[in-house]
Amino acid sequence: MASHVPIEKVRNIGISAHIDSGKTTLSERILYYTGRIHAIHEVRGKDGVGAKMDSMELEREKGITIQSAATYAMWGDHNINLIDTPGHVDFTIEVERALRVLDGAILVLCSVSGVQSQSITVDRQMKRYRVPRLAFINKMDRAGANPYRVKDQLKEKLGHNAALITMPIGAEDRFEGIVDLLTMQAWYFEGANGEHVKKTNIPAELVEKAKELRHELVATIADLDDKVAEYFLNDQECPADELRAAIRRATIALKFTPVFCGSAYKNKGVQRLLDGVVEFLPNPTEVVNEAHDQNNNEEKVVLASDPTKPFVGLAFKLEDGRYGQLTYMRVYQGRAMKGDFIVNMSNGKKVKIPRIVRMHADEMHDINEANAGDIVALFGVECASGDTFTDGTVKYTMTSMHVPDAVISLAIAPKDKSAANNFSKALNRFTKEDPTFRVHRDEESAQTIISGMGELHLEIYMERMKREYNCEVIAGKPQVAYRETVTQRGEFAYTHKKQTGGSGQFARVCGYIEPLPPDAVQQYEFVDEIVGGAIPREFIPSCDKGFQEAAKKGSLIGFPVVGIRCVINDGAFHAVDSSDMAFRTAAIMAFREGYAAAKPAILEPVMKVEIQAPEEFQGAVVGQINQRRGVIVSTETRENYFVCTAEVPLNEMFGYSTDLRSATQGKGEYTMEFAKYAIVPKAQADAMIAEYQKKAASERR
Ligand SMILES: Nc1nc2c(ncn2[C@@H]2O[C@H](COP(=O)(O)OP(=O)(O)OP(=O)(O)O)[C@@H](O)[C@H]2O)c(=O)[nH]1
Ligand SMILES: [Mg+2]
């Protein structure tokens, strides 16, 4: 299937949104209406089957998506390649890499909760990769559903130019169907699973409202499109086809977000959304994709979605499958056939493609070729996530995705020594697949430390080690990923001198350390201001290396020092006794001297926390946030619920879910994500430093 579909009829789309907004439920309906599956299973279904796209056992148990899943389907004569992504921020890399390779997206919103904190995060990711999107206001059947408020939030909170394409007929438990504002027809969804669409006239009592909303839609588009503006200004009716074409242009140009509404769970409105995917989201040829030409100074080249041009593909996700490594690849240019050789641009290695498959959640279907615009998976192609492949005739690389830093870490060890082999196997695999999951060995304590995006992230991997690798682990207390930094300029002038028998060591390094501006992209900068050869050219890189080495471990609590500029402006050398080694050692010592003088401080990750609970618990919730050194950023109330956003240090968030539950009789919910690093207040910092010194002293003994 699908390989014969002309590229103009291909849509590569992702579904992304706040946790629990109904992405997987929506994907399940899409698969059903397109005929890919023949029965609907719910996410937390009592039938024990679970949604197709949540195929991992853990996902079905927890009712959340952990890994993104890919599938493909036909809607009419269009081929839709779909990736369902997780909503929980701990798995944000899954959203990141999906959006990196997709041409369009559906942003799902809850008709009651509206634009939530992760809607904002996901929207930012969509903007980062310039992905045109449709909004789907889901859960129209819920009490308190109000799509008009959500549409206004899209404008106010996300800055979208948005207008409704469909309006609801009724709401809450009387949500019956939708009105298509383009054709001014009512749609009802009949049959056991809403599979029969019945189109009729708009109910008389809704005609006025529908006209008003259509007017709003046309007015919005008239602002963006000259053709529609002409009709609008002349008070003429704009034909549906012209309006549709203008909406498409504006959506692809990222100037407009078409808004649909419905209820995935109640099987209403999904087919119209699918029509919208085809109507308004771009096909692969309508998106500009660039690569960098390594043969020509990294010059940008625009890739053409043309199967006759040299092959270029990006490996965006790896998975360990039953038959070895499964490499998900987006083909941007050219064509790759089974048996072809392709070249990995990161290491020049030539590899043969033994097998190409299309993914349908956890199933695979073999195909013989992958063309520009396709998203496929390859077997037996060893590589790292983010590697670019070509046919070898060109040397193009594509930029990879944004990988956020880890904020939390944990010491782990296998419970049973005999599982040590599986323990390291599992860790190897997980770090290869997930760039936000990191493992390192702490030399001093001889412990294995895993770090990641949050407690749930690490928990899931420990659980998977147990289930998939038969290796139970013992874990220490989760630890926050602190950083250290400097708050002012600190000078150094250090002479390293050592005489041991024959040749000695001599190096002198002078300069200063200072804070980088807060918006600096790099966390470390090295500046050489030496004039007149006080330190010979060949030893300058050793100074840089020494500083970087020293910055790995700050002297306050042993965490990496970030946000610094190290400047050297003077020094001295000795014709015989100076060496790379001597300058490196001198730089390490000089760094420590400068660091102490630069008023160092500890940085801690601060999270943006969004809490929702019934109004009567507001006092208790705010009290808990204050106790945790939190700062309330905003509070809103609607329909007897309040939503409060706060910034709270991550270290104070351990155990919060239990506390919130007990303060709200189990009715409160919260989500959190990394916001920024902030300086730890002096009292806490002093205590942390004292503890670190004590520990260091006892380790020395
Ligand atoms: N009332 C109502 N509930 C819905 C609707 N769509 C989904 N749900 C429910 O919302 C819950 C979450 O649905 P999911 O589809 O797992 O949401 P998700 O966005 O995939 O969640 P994550 O992948 O974990 O972020 C489930 O209990 C669904 O049954 C809807 O239209 N109406
Ligand atoms: Mg899901």
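Reply: The side chain of Thr25 has an N or O atom 2.5 Å from an oxygen atom of ligand 1. This is a predicted model, so every distance here is computed from predicted coordinates. A backbone N or O atom of Asp20 lies 3.2 Å from an oxygen atom of ligand 1. A polar backbone atom of Ala264 is also 3.2 Å from an oxygen atom of the ligand. Taken alone, ligand 1 exposes 650 Å², and the protein buries 90% of that.

Now the shell. Ligand 1 is surrounded by 18 residues. The closest are Lys23, Thr24, Thr25, Thr65 and Asp141. By class, the shell holds eight polar residues, five charged ones and five nonpolar ones. Helix 1, residues 23-33, gives the most to this shell, with three residues.

Next, Glu94. This residue sits in helix 3, which spans residues 92-101. Its relative accessibility is 5%, under the 20% cut-off, so Glu94 counts as buried. What does its side chain pair with? The Glu94 side chain makes a polar contact with the side chain of Lys317, at 2.8 Å. Setting aside residues up to four places away in sequence, Glu94 touches Lys317, Ile66, Gln67, Ser68, Thr85 and Pro86.

Helix 7 covers residues 226-233 and has a feature at each end. At its start, a side-chain oxygen of Asp225 reaches to within 3.2 Å of the backbone nitrogen of Lys227. Just after the helix, Asp235 takes a positive phi of about 60°.

Finally, the nonpolar cores. The largest has 70 residues. Within it, Val509, Phe547 and Phe591 have the most contacts. Helix 13, residues 580-597, supplies the largest share of this core, with eight residues. Phe547 shows how these parts meet. Leaving aside neighbours within four places in sequence, Phe547 is in contact with both Val509 and Phe591. A second core is separate and has 44 residues. Among them are Ile30, Phe136, Leu217 and Leu243.

Terms used
Residues numbered from 1 in each chain as written. Chains lettered and ligands numbered in written order. Predicted model: local features only at pLDDT ≥ 70, side-chain atom pairs only at ≥ 80, totals over all residues. Heavy atoms only, no water. Helix = DSSP H or I, 4+ residues; strand = E, 2+ residues; numbered from the N terminus. Buried < 20%, exposed > 50% of the residue type's maximum accessible area, 1.4 Å probe, protein only. Polar contact = N/O pair within 3.5 Å; in protein donor to acceptor, adjacent residues only side chain to side chain. Contact = heavy atoms within 4.5 Å. Near = heavy atom within 4 Å. Areas by Shrake-Rupley, 256 points an atom, 1.4 Å probe, with all protein chains shown as cover. Nonpolar A, V, L, I, M, F, W, Y, C, P; charged D, E, K, R; others polar. Core = buried A, V, L, I, M, F, W, Y, C linked by side-chain atoms within 4.5 Å.
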